[in-house]
Amino acid sequence: MTLARDLRRSFAAIVRQDVLRAWRRRGQVFAGLLFFVIACSLYPLAIGPEARQLRLLAPGMLWVTALLASMLSLSRLFSREFADGSLDQLLLSPQPLAWLVLAKICAHWLTSGLPLMLLTPLLAQQYGMPFAAAMGLAASLMVGTPVLSLIGAVGAALTLGVRGGAVLLCILVLPLCAPVLVFGAAAGAAADAGLPMTAELSLLGACLALSLLLCPLAAAAGLRIAAE
Amino acid sequence: MPPTSSTDTTLAHRPNSRARPSGWLAYASAVRFDPLAGRLAPWCFAAAAILALAGLYVGFGVAPTDAQQGEVYRIIFIHVPAAWMSMFIYLLMAIYGGLALWLGTRLSSMMASALAPTGALFTAIALVTGALWGQPTWGTWWVWDARLTSELLLLFLYLGFMALEGAIDEPRRAERACAVLALVGSLNLPVIYFSVQWWNTLHQGASVSLTAAPTMARTMLAGMLLMALACWLYTIAVALVRVRLLLRERGLLPGGKRSEGAA
């Protein structure tokens, strides 16, 4: 009983602390969102304003941009703890490290993936997607962006304190995110075509379940290696 | 904090309670492994050269011309073995990475590091020869088909592994971080393959499958298997040579820069 309560408390404490910290420095969060908005507004300038073509490309472009935007904040995931030494406190705490890492990933998603998801229906209007399709696309991001945070955490732990870490992180993580992109964009395209998207969402959910199981363990191993 | 450069030389004899130096595990010790690798490597090179010559002779001299594709199909004698090796080597790297994390043997992670450039090379060869075959056959250099795409992503995984290894300065951290990355990548590869198969389009079915009887002439198959064996032995030989260099470079054996500096 006490173990379960300890786990719950440590999880909630880390999530609250990280979300609070992100809120106090909300400029960084908004900068990431602004990148998403600007990048999404650039595509029509390059491709041309033809509405049918834009709508055809919208799910894929929004997904790729969301993927890139979620890369921006990844290198910050453990960097403060690494710099001020509180990473050692995490490593020494009696709770399993993978659990605490999962809490940090959860907080990261709340401050990066969730805002991206909430903005998507609005940005989809730029591409002329109907409301129902935009909500479907947002649903695919809802299931998919946690996977990006989970996989990204592994890369962030492995590249912690490494020179050129931010670019290296993208190189490591982007190929691993390919399945999420495929299923997510397919779900968005299905929603836009008015088709059922349960198959794509189920596959995204399977990716989420698998990465929920494995990524915190791998990220914890990476953190132990980085802190040696 | 004292500088850590002096600790590297002592790590060569780091005791490991779980790994008793007996049986095949004895070769996890650099001192035992190095002479064996030195003896094996030239033989592997020689066998690889002989098998490659035999395979090329069978492939270009004996094997019949393909009824549909003409002479251009002969590129499979390098393309298919390279594609096999590219996937097999990543699996090997993941196994060595797992061994390194489980047993704490530095040699295992060095094997993974030694295999990575060869794996990337075979992946690149498979992609380039595939493009050279695709141009006359399909009429295009590149198609976004399942196997091409997953091979391209595999190349990115290899390059990421090598980039991570190059970016971390402390060899021990680099070795263990790369081991974790190889494991994560190998778990992700089947998912990547399945996901890109969703828009599987133009690629012809697998030429050789384990369940169905091969549809190709026996001499074609023989040539391909000879070339695959040659690639395999080449991989072993190159990996052994590279591991011996890594052992010296990282100061586990005398002769490298690091151990001279420490002495």
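This is a predicted model: local features need pLDDT of at least 70, side-chain atom pairs count only at pLDDT 80 or more; totals for chains, interfaces and linings use all residues.
Residues are numbered from 1 along each chain as its sequence is written, and chains are lettered from A and ligands numbered from 1 in the order in which they are written. The pLDDT is the predictor's confidence in each residue, from 0 to 100. Chain A averages 90, and 100% of its residues score at least 70. Within chain A, confidence is lowest in helix H4 (residues 79-84), at a mean of 86, and highest in helix H6 (residues 97-111), at 94.

Now for the architecture. Chain A has 11 helices and 0 strands, and chain B has 8 helices and 0 strands. These elements are DSSP runs numbered from the N terminus: helices are H or I runs of at least four residues, and strands are E runs of at least two. Buried residues make up 47% of the 228 residues in chain A, and 40% of the 263 residues of chain B count as buried. Buried means that 20 or more other C-beta atoms lie within 10 Å of a residue's own; exposed means 12 or fewer, partly exposed is in between, and the C-beta atoms are placed from the backbone.

Contacts tell you how the chains fold back on themselves. Two residues are in contact if their C-beta atoms, placed from the backbone, lie within 7 Å. Among contacts between residues at least 6 apart in sequence, 81% in chain A join residues at least 24 apart; for chain B that share is 78%.

The expected span is 1.5 Å times one less than the number of residues. H2(A) is hardly covered, with 2 buried residues among its 22. Just after H2(A), A:Gly48 takes a positive phi of about 115°. Helix H10 (residues 178-192) of chain A has 15 residues and reaches 21 Å, close to the 21 Å expected. In H10(A), 14 of the 15 residues are buried, so this helix is largely enclosed by the rest of the structure. Just after H10(A), A:Gly194 has a positive phi of about 75°.

Next, follow chain A to its partner. Here 22 residues of chain A are in contact with 22 residues of chain B. On the chain A side, the elements giving two or more residues are helix H8 (131-158), helix H9 (165-176), H10 and helix H11 (198-227). H11(A) provides the largest share, 6 residues. By class, this side of chain A has 18 nonpolar, 2 polar and 2 charged residues. Ala, Val, Leu, Ile, Met, Phe, Trp, Tyr, Cys and Pro count as nonpolar, Asp, Glu, Lys and Arg as charged, and the others, Gly among them, as polar.

The largest nonpolar core has 149 residues, and those with the most contacts inside it include A:Ala153, A:Val173 and B:Ala112. Such a core is a set of buried Ala, Val, Leu, Ile, Met, Phe, Trp, Tyr and Cys residues joined through C-beta atoms within 7 Å. Its largest share, 16 residues, comes from helix H7 (residues 218-249) of chain B.

B:Ala116 lies in helix H4 (residues 106-138) of chain B and counts as buried, with 24 C-beta neighbours inside 10 Å. Leaving out residues up to four places away in sequence, B:Ala116 touches B:Met93, B:Tyr158, B:Phe161 and B:Met162. B:Ala41, in helix H2 (residues 30-62) of chain B, is partly exposed, with 19 other C-beta atoms within 10 Å. The C-alpha atoms of B:Ala41 and B:Ala237 are separated by 4.6 Å, although these residues are 196 apart along the chain.
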